[in-house]
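I set out to look up the pockets of this structure and the residues that line them.

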Amino acid sequence: MLSVCDAFLTFNPGTPLAVPALRGVDLDVEEGQFVTVIGTNGAGKSTLLSAIAGDVRLDKGGIYIDGQEVTNWRTEQRASMIGRVFQEPRAGTCSGLTVEENLALAASRGSRRSLRNALGRGGQRRRLADQLSRLDMGMEDRLGAMAGTLSGGQRQALSLLMATLLPMKILILDEHTAALDPGAAATVLDLSAEITGEQKLTTLMVTHSMRNSLDYGDRTIMMNGGRILLDVHGDARKGYDVPDLLDLFKKTTGTEVEDDQLILS
Amino acid sequence: MSALAVAGAIEAGLLFSLVALGVYLSFRVLNFPDLTVDGSFPLGAAATAVAIIHGVNPFLATVIGTFAGCCAGFVSAFLNVRFRILNLLAGILTMVALYSINLRVMGRPNISLYGENTIFTAFEGVIDLGIWTTSAILLVFAIAMKLLVDWFLGTQVGLALRASGENPAMARAQSVSNGRMTIIGMSVSNALVGLAGSLFAQSQGVADVSLGIGTIVTGLAALIIGETLLGSTKVFWATLGCLIGALLYRLFIAAALSAGFLGIQAQDLNLVTAVVVAIAVILSQARRNSRFKFWPKMRSLLMDTQPQKG
């Protein structure tokens, strides 16, 4: 479903500030697979996701979605294939649009937008309200409220619904619970697992928590220094626990994991 | 203030409400500080005036003026989107170029439409409200354009436009091309301004190359007054605010002029406009930024009181 081949990317190339963010990443994700991506700060997790979404272009290498090469496609061209939830709750929704308008915008993703009224008649509104009530966040009665008035958890849940409203090839979750309080984070995470399981979505989720990276999904990738360090799935993954990941990290890199957040959470 | 002065102020207010609607689209919805307006307003006037003195039907001439404004907006947006020229500079470049273009279009610095057929003379046979006739016709235009903008921003394209202005990254992720939205929005915005210029020339009976100076500031003043009074979150109220803001602003100016308030004369208009906009912007920032306590400072200055010691 998704192939990243020999991906290289350096930010600010040729300057003293040059940062090699991806240094030869190869990744093949099968249809319906839920991959969690973990790594220290600067490991290249978010860069990899941004490259797949189209926000940054690779210096070298290729990206294929469902057999189609998209390496040089712009973000908006890929958007019909990719659903996306951002880290920052404010980033994935529009504060100045109502809940219903945000959903209507997502409902026309990938199709040519016309001068038809974006908000459909009663039928569409009821369908959206039904979808919202499934989130169980009390948003079904707030279709007309500005998204800016929602809580962080509500906005991420709305973002998630917007991302998964239409059929797509890949769902990208970029630390989408990192900015939430623990309660809301757990709710949104469970919601993500529920929706991806139900619709059998091919998913890439970056997380900062080793615990979550093993508890959710069916494949775990650990990145370090712009490369994929560790890739566990299937039966092998069932035997893994957080200390095993830490050990493996130490064995492969020769250093301890220094990112406290990775260990503690 | 005489009835004639009031009628004049209302006419000007209604004309500038169209400019305010355009400025709302560019400055607020698209987040594009567009200075093309100072050029597209006289361009609309010039194109319409030239068409009319060549015997073109006034309604068609109005459409021509509107379309001319639309093209000006397109050029600014294209410079910004295609060649990545800073949005502010793109607008200024178009505005400067339009000064020469307007002179070329008219062939001279001004054209009088006195005695020519305009859409106002066309309507005079139908409705006759004395000195209020022009205001009535302009009111129809202003309300129609307000409703048109409301409708437009509620369509699928309109939603994409609003998202693109407010959150470009999110818009891209929803398959919105931000560049295309900038071009569409700027074209519509300046079409409204061109229409305002066209109606200005026809109602005042003259198109002048220096007509545009300060148009943007007046439009902004109307927009900000409207936002202060009616809020800016819902499109319906924001566009209504453009109408009411422009009317109030022109009535206030007319009152100040006729009362000889502070000795203000007609030539001081742009200065007064700039000062009003500056104060309005400062106040709206002060309200948003709680660390900048404007009123307590002002109060202590005005009342000359020392902070009380506890």
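I began with helix H1 of chain B, which gives the most to the lining of the second largest pocket, with six residues. The model is predicted: local features need pLDDT of at least 70, side-chain atom pairs count only at pLDDT 80 or more, and totals for chains, interfaces and linings use all residues. Residues are numbered from 1 along each chain as its sequence is written, chains are lettered from A and ligands numbered from 1 in the order in which they are written, and side-chain values use heavy atoms, with hydrogens and water left out.

I noted the terms. A pocket is an open set of points on a 1 Å grid over the protein atoms alone, where a 1.4 Å probe fits, with protein on both sides within 12 Å along at least five of seven lines; lining residues have an atom within 4 Å of a point. A helix is a DSSP run (H or I, at least four residues), numbered from the N terminus.

**Second largest pocket.** Of its 24 lining residues, B:Ala12, B:Phe16, B:Phe200, B:Arg250 and B:Leu269 lie nearest the centre.

**Largest pocket.** I recorded about 840 Å³ of space here. Its lining has 25 residues, and the closest to the centre are B:Tyr24, B:Arg28, B:Glu227, B:Ser232 and B:Thr233. Helices H1 (3-29), H7 (156-166), H10 (215-230) and H12 (269-288) of chain B each give two or more residues. H12(B) has the largest share of this lining, five residues.

Conventions:
Grid points are joined across faces, edges and corners, and a volume is the space filled by probe spheres set on the points.
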